[in-house]
Structure formats: structure tokens, C-alpha cells
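Please read the following briefing alongside the sequence and the coordinates. It begins with a definition and then moves from the chain as a whole to single residues.

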Amino acid sequence: MKKIRLAVISMCLISVLAGCGNLPSKEEPQQSIADTGPQGLSTESDSTGQAEVSGSMETGEFMSVQENMEQIQNEQMIPSEPVDENSLETEEMNIWMKVDDEAVAVEWEENDSVRALMELLREQPISIQMSMYGGFEQVGSLGTSLQRSDEQTTTQAGDIVLYSGSQIVVFYGSNSWAYTRLGRITDKSTEELAELLGSGDVTITLELK
């Protein structure tokens with residue numbers, strides 16, 4: 001009976017000693033939740049106090065994120081398309097025209113002759129003494145020559161053209177000749193133009209605004 005008790009005691013001691021071998025050592029620190037980064041990544045601090053990330057994320061994944069950031073930065077740095085200064089000037093500036101003291105609305109052509117006229121008007125407004133001619137037009141000298149591109153043209157009432165590079169012609173009737181188109185009066189009917197331009201010589205004033 002004593003032998004059985006000794007054997008049982010011996011087996012209990014062996015089990016206790018074996019279990020003690022699995023207990024953590026006091027010298028081995030336990031890993032806390034604070035030492036674990038997001039998604040199971042552990043962090044270790046270097047000598048500068050900054051955390052280094054280690055875990056299952058591969059280098060290729062880090063490179064993919066970096067490439068995406070670089071692409072976004074490059075897109076933000078793409079310069080906008082250059083602005084056409086000539087078209088900007090045409091939109092912002094316009095030639096105002098008066099016949100004697102009456103302002104008229106004009107739709108101007110987009111060509112080199114009109115741009116040359118605008119450059120001339122940048123210095124100062126121009127007043128042109130006009131004269132009736134042929135019973136269908138008023139003609140006056142600019143005092144200088146502009147670039148021209150004459151074409152055979154059949155004019156209508158309201159048309160404004162350049163003749164011989166230095167003459168401004170405004171029609172209240174119709175004629176066929178080689179002219180450079182400058183614009184057209186848009187707010188007057190044929191009858192109103194005949195009354196405005198066909199009753200005697202007039203003065204036309206051009207101003208850039």
C-alpha cells in the first residue's frame with residue numbers, strides 16, 4: 001500500500017514539474033496589444049523613437065502605394081493648356097462704332113485686318129469723315145493702310161468693308177467689287193440704314209472698349 005501511494009505521489013510530482021516547464025520565464029517580456037500594429041503587424045521602435053513596421057505586407061504592395069502617390073502628384077503638376085492671347089483679346093475687347101452721335105451694334109470679322117484696326121485703336125479713338133458715293137455707300141479715309149485680303153464681294157446694306165487697304169466703306173445699299181470684309185451692322189433694318197446713311201455725309205467714330 002505504501003508503494004502504491006509513493007508511485008502516485010511520484011507521478012503527481014512529475015506532472016507538476018512538467019507543467020512548470022511551460023510557464024513563461026520572468027525574464028521574457030510578454031507582448032502587449034500596444035506593441036501590435038494594424039492588421040496584425042508588429043511594430044518595433046528604433047533608436048530614434050520612430051516605429052518600424054514588420055509583418056506580412058510584401059515590398060511589392062508598398063511600391064504599389066508609392067507609385068499611386070507619385071502618379072497623383074504628377075497629375076496635379078500637369079500644366080494647363082496655353083491660352084491664345086489673340087482670342088482672349090478678341091473676347092475681352094470690342095470695337096464700338098457711332099454714326100454721328102448714334103451708336104450702332106456691329107458684328108466684326110475675325111481676320112488680320114480687324115486685328116490691325118484694333119491695334120490702331122489702342123492708341124486712340126478714330127473719327128472718319130465719310131462722304132456719300134453712288135447712292136449706296138459712305139466712304140472715308142483711315143489715314144493709314146491696314147493689312148488686307150481682298151475678295152470679289154457683293155455687299156448688302158449694313159456691310160462694313162476695307163477698300164484699297166485705307167478706305168472704310170459702310171453700305172446702305174448693294175455693290176459688287178473687291179473688298180476685305182470688316183464687319184456688319186446688326187441692329188438696323190435696310191430702311192433704317194438708308195435713313196441713317198443716305199441723307200448726307202456723316203462722321204463715323206471707332207473706339208476700342
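A polar contact is a pair of N or O atoms within 3.5 Å; within protein, one atom must be able to donate a hydrogen and the other to accept it, and residues adjacent in sequence count only if both atoms are side-chain atoms. Residues are numbered from 1 along each chain as its sequence is written, and side-chain values use heavy atoms, with hydrogens and water left out.

**Confidence**

- The protein chain has a mean pLDDT of 76, and 56% of its residues reach 70 or more; pLDDT is the predictor's confidence in each residue, on a scale from 0 to 100.
- Residues 20–29 have pLDDT below 50, and this stretch has one contact in the model beyond near neighbours in sequence, where contact means heavy atoms within 4.5 Å.
- Over residues 31–62 the pLDDT also stays under 50, and the model has 25 contacts beyond four places in sequence for them.
- Where pLDDT is low, the predicted coordinates should not be read in detail.

**The chain as a whole**

- The protein chain contains five helices and 13 strands, taken as DSSP runs numbered from the N terminus (helices H or I of at least four residues, strands E of at least two).
- Of the 209 residues in the protein chain, 25% are buried; buried means under 20% relative accessible area, exposed over 50%, and partly exposed in between, with a 1.4 Å probe and protein chains only.
- Among contacts between residues at least 6 apart in sequence, 62% join residues at least 24 apart.

**Nonpolar cores**

- The largest nonpolar core has 30 residues, of which I95, M97, W108, I160, V170 and L206 touch the most other members; such a core is a set of buried Ala, Val, Leu, Ile, Met, Phe, Trp, Tyr and Cys residues joined through side-chain atoms within 4.5 Å.
- Helix 4 (residues 112–121) supplies the largest share of this core, namely four residues.
- Not counting residues up to four places away in sequence, W108 touches N94, I95, V114, L117, I160, L182, G183 and L206.
- Another core lies apart from it and has six residues, among them F136, V139, V161 and Y179.

**Aromatic rings**

- The whole structure holds three aromatic pairs; rings of Phe, Tyr and Trp (its six-membered ring) pair if their centres lie within 6.5 Å, and planes under 30 degrees apart count as stacked, over 60 as edge-to-face and the rest as tilted.
- Y163 and Y179 are an edge-to-face pair because their ring centres are 6.2 Å apart and their planes lie at 65 degrees.
- This pair links distant parts of the chain, with Y163 in strand 10 and Y179 in strand 12, 16 residues apart.
- Y163 is partly exposed at 31% relative accessibility, whereas Y179 is buried at 5%.
- F171 and Y179 also form an edge-to-face pair, with 5.6 Å from centre to centre and 70 degrees between the planes, and F171 is buried with a relative accessible area of 0%.
- F136, Y163, F171 and Y179 form one aromatic cluster.

- T180, in strand 12 (residues 176–185), is buried at 2% relative accessible area, and beyond four places in sequence T180 touches S113, R148, S149, D150, V161 and L162.
- T153, in strand 9, is buried at 8%, and its side chain reaches the backbone oxygen of E151 at 2.8 Å.
- Leaving aside neighbours within four places in sequence, T153 is in contact with N175, S176, W177, Y179 and R181.
- A157 lies in the loop between strand 9 (151–154) and strand 10 (159–163) and counts as buried at 12% relative accessibility.
- Beyond four places in sequence, A157 is in contact with F171, Y172, G173, R184, T190 and L193; the C-alpha atoms of A157 and R184, which are 27 residues apart along the chain, are separated by 8.6 Å.

Terms used:
Predicted model: local features only at pLDDT ≥ 70, side-chain atom pairs only at ≥ 80, totals over all residues.
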